[in-house]
Amino acid sequence: MKKILTLNIAVLTVLTLTACGSNRNNTSNNQPSSSTITKKNMSDEQAKLEYTKSAEQLAPVFQSITDSNLTLNDNVRLTARNADKQITIYNNKLVKYKQNANYKVIKNFNDSIATYLGDIEGKTISSSYNTDIKKVSNTNKAAYSKLGISYNKKLSEAGNAMNAKISQLPGVSGKTIRTTNYTITITSTETTPHFEGGTDLIVYYTFKNTSKNKNIEPTESLIEGAHFTQESKTSINDLDLGNPSKDSDEWSSLEKAASQKVKPGAEVKCMGSYELDNNEYPVKIQATDPDNNDAKLGTITLDLPNN
């Protein structure tokens, strides 16, 4: 069965790389005993070469995941398996070098890659998945920082291509909610008196219809896919839609845009309002995907203006 990469995917911050999963390959097996090897120093130039060789084993793996539309299919696993074999060969050859700083940096980089490749080969994605990806990022950063070289171009380009794919997946990042068919980005908020007393939170947002053939209403989508709550000293409260005591031409225009159906590919500016329970605690939005069985996407926290 194909494994679909979910939004648990973490974007590696150093090279904007991405990856998957968590079964580990142990690349230290079958290595020659260090006591039988004449050790040598690893020069900076040799370390740079070893770094490049290892980094470029990841590029085709990232490309294969991108080409497979972010699924862990047989081709992806075969590519990862081949890369893992090469990393094992590199590690076995490294033992002829002393365990100086360069050796340790490259060895740590290779070991993190092997763990990541083992994740792809594994049949399931475990809870250590994000941790393993971060290790690749951290050891990669340590390698090119220590060696005084720039990041590897092939690896970076392959990582960027994968990130472009991942950025289209449903999920929450910052104050943006991406669902199967639309994207909502909260741009700003303000508070205003509620018509019966109390306070309303005004939420300004952009709405983009990312579907291929659906006309979608922003207000309906916000209600269905964004659950607004606010804590108090004693409870967690669901927030009702607001009803501000005042109005303006701007609000009328934005509310009208939110109540009209948006065509595929189009983006509009909108506004919504929610009646606050109190003026002390932030508002939290639990985002779900209405077009994917209300799958949980993530949480956005909105600090109250002036708090």
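Helices (H or I, at least four residues) and strands (E, at least two) are DSSP runs, numbered from the N terminus. The model is predicted: local features need pLDDT of at least 70 and side-chain atom pairs count only at pLDDT 80 or more, whereas totals for chains, interfaces and linings use all residues. Residues are numbered from 1 along each chain as its sequence is written, and side-chain values use heavy atoms, with hydrogens and water left out.

**Figure 1. Overview of the protein.** Seven helices and eleven strands are assigned in the protein. Of its 307 residues, 45% are buried; buried denotes under 20% relative accessible area, exposed over 50%, and partly exposed the range in between (1.4 Å probe, protein chains only). Contact denotes heavy atoms within 4.5 Å. Among contacts between residues at least 6 apart in sequence, 74% join residues at least 24 apart.

**Figure 2. The open sheet β3-β4-β5-β6-β9.** Five strands form this open sheet in the order given, with antiparallel pairing; two strands pair if DSSP finds at least two bridges between them. Strands β3 (171–173) and β9 stand at the edges with a single partner strand each, so one side of each has no neighbour in the sheet. Neighbouring strands of the sheet are turned by 25° against each other on average, direction ignored. Within the sheet, β5 and β6 pair in the antiparallel sense over eleven bridges, and Thr-191 stands opposite Leu-201 in β6.

**Figure 3. Helices α6 and α7 on the sheet.** Helix α6 packs on the sheet and touches β5, β6 and β9, its direction making about 110° with that of β6. Helix α7 likewise touches β5, β6 and β9, and its direction makes about 105° with that of β9. Axes are lines fitted to C-alpha atoms, for helices over the stretch in contact, and angles run from 0 to 180 degrees between N-to-C directions.

**Figure 4. The buried face of helix α6.** In α6 (residues 218–225), the buried residues are Pro-218, Ser-221, Leu-222 and Gly-225. Seen down the helix axis, these residues fall within an arc of 100° and therefore line one face of α6; the arc is that of the directions from the helix axis to the C-beta atoms. The elements against which they pack include β7 (226–231), α7 (249–258) and β10 (283–289).

Figure 5. Asn-293 lies in the loop between β10 and β11 (295–302). Its phi is near 55°, a positive value in a residue other than glycine, and Asn-293 is exposed at a relative accessible area of 75%. Asp-294 is also found in the loop between β10 and β11. Although not a glycine, Asp-294 has a positive phi of about 55°; with 47% relative accessibility, Asp-294 counts as partly exposed.
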